[in-house]
Amino acid sequence: MDALVSRADVERPDVLVRISDVALSAPGQVDRPILENVSLDIRTGEFLAIVGPSGIGKSTLLRAISGLVAPSRGTISAVGRPRASGKFAALVFQDARLLPWRRVRGNVEFGLEGIVPSRSVRRDRARNALRLVGLEALENRWPHQLSGGQQQRVSIARALALEPELLLMDEPFSALDIATRRTLQDEISGIWRTAGATVVLVTHDLDEAIHLADRVVVLGGSPATIKDIVEVPIARPRSRPKPVASEPYAALKGRLAQHFNSAAPSGAPQGTDNEPAPIGN
Amino acid sequence: MSVAASSPVRLGAVSVASAVGFLLLLEIVARFHLMPATLLPAPSSVALAFESEFQSGRWLANVLASLSHYAVGVAIGTLLGIGFGLATAQWPLFNALTEGIARLLRPISPIAWLPFAIIWFGIGEAAAAFIIATGVFWLNYIATQSAARAVDTDKIELAHAFGQGAFFTRIRKIVLPGAAPGILSGVRAGVSMGWIAVLAAEMLGVAGVGQRLLEASGVLATDLVVLYMATIAALYCVTDTALEWLTRRLLPWTH
């Protein structure tokens, strides 16, 4: 995918997104924040994982970064700018969320329809994105004719077709079987290296976070805050380790797990991870 | 039942054989005077009545007359029903404004509107189309409203996330295609209701198959009554089959 391959010629800031003292609440409950005092710089080109127990507010934070929900306090500012041909941020949902009335290519073109007037350019970009996820041969299939893994690949292609500076992924592998999940994790890792986009991945799978990310942000508490930010010093390309045999890996996982186990919210507003947000952008 | 016994061809043959058997039974009952012909006409006398009506040109004239106000009434009722159903599903304020009125008017039978149809439009095509439209409207209104409300909110969020969240863009790209199966079910039910309403509409005295049927029943010409009942059934079959074909063309992802 030529447009995604080289970004070295584009002048890019060190920090792509700055999150400053952000609080997030469920709609209509401003006085009961889900997250608060969240400050974080997302570095340009990094692969950042956000981990934490279910219901802690990871997905809400991701939606706030994407602009789907507004913070009740603080600011989320894009330091970088979208490329002329694309969108600043693109979101991959936990479920593939394909439109059943559109064929595979139509689904990938969906986000392009607002920014690329030319039908032939949209078609070419959709085909390139499908090639990147290995599904160019299935462009005329209906979503129901695909497996779960293929559907999720299409949803990743839909986001990649936008050529985003920032790719936001909300537990995109959690509904897949272990073999498909590992294959897609490796594919995403490869695409990230090739495309040069910045990736923020929400997950509750510590192995996934360590395998893919440069840094791991741990959310915990109620309301949730950032409990730790851990650099992952394991060289790339990363082979899938035998975790217990790898000392740095085991140490990292132990540090994350320690936060993870004590991070579960208690009695606070929960279950907001996947709430649809009625806020436009 | 074995697979061979339930094959489509065999089941089709059983269906045709049962219909033919039923007609034969009716013929035997009439031929042997087991029931008076005025109570139950023989299928052969219905066929003769058809031949007579067709050759006189009355059958075709009545069918065309009914089709004329049926098409206008169904088109108006369908379009308004879909439009209002969609509007109430998408605009809470519009729904609040119209919900009470809708609850009052919805249970009223198309026949109950006959006096107003005559007062407002006079006895003619417009009044007949109005009666048909009132019957068709509510089926489309309810089907569209329910289908549009049931569109997955995740899909709406997707539209926002991918820059397609503006109101009319969202309606065109998410709500209408997402609700299309339900909307088309309403259209299909409306097409059926339209033929029921034709009979009511032609009670006004407007020419058509319904009026001819009522005339025939007044003089106990039951062969003609059955002929025009069968005509309405056949016209319904044609319109329903056409709509089923259209639905399959419009919603290829559903099968």
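Biologist: How many cavities of 30 Å³ or more does the count come to?
Modeller: Two cavities of 30 Å³ or more. A cavity here is a set of points, on a 1 Å grid over the protein atoms alone, where a 1.4 Å probe fits but cannot get out. A volume is the space filled by probe spheres set on the points, which are joined across faces, edges and corners. This is a predicted model: local features need pLDDT of at least 70, side-chain atom pairs count only at pLDDT 80 or more, and totals for chains, interfaces and linings use all residues. Residues are numbered from 1 along each chain as its sequence is written, chains are lettered from A and ligands numbered from 1 in written order, and side-chain values use heavy atoms, without hydrogens and water.
Biologist: What volume does the largest cavity have?
Modeller: About 40 Å³.
Biologist: Which residues line it?
Modeller: A:L160, A:L167, A:I188, A:I191, A:W192, A:A195, A:A197 and A:V199 line the largest cavity; lining means having an atom within 4 Å of a point. Helix α6 (residues 178-195) of chain A gives the largest share, four residues. Helices (H or I, at least four residues) and strands (E, at least two) are DSSP runs, numbered from the N terminus.
Biologist: New topic. What order do the strands of the open sheet have?
Modeller: β2-β1-β4 in chain A, three strands with antiparallel pairing. Pairing takes at least two DSSP bridges between two strands. The edge strands are β2 (33-43) and β4 (73-78) of chain A.
Biologist: And how many bridges join β1 and β2(A)?
Modeller: Seven, with β1 of chain A covering residues 15-25. A:I19 sits opposite A:L40 in β2(A).

Technical notes. 1 Å grid on protein atoms, 1.4 Å probe; cavity = no way out; pocket = protein on both sides within 12 Å on 5 of 7 lines; lining within 4 Å.
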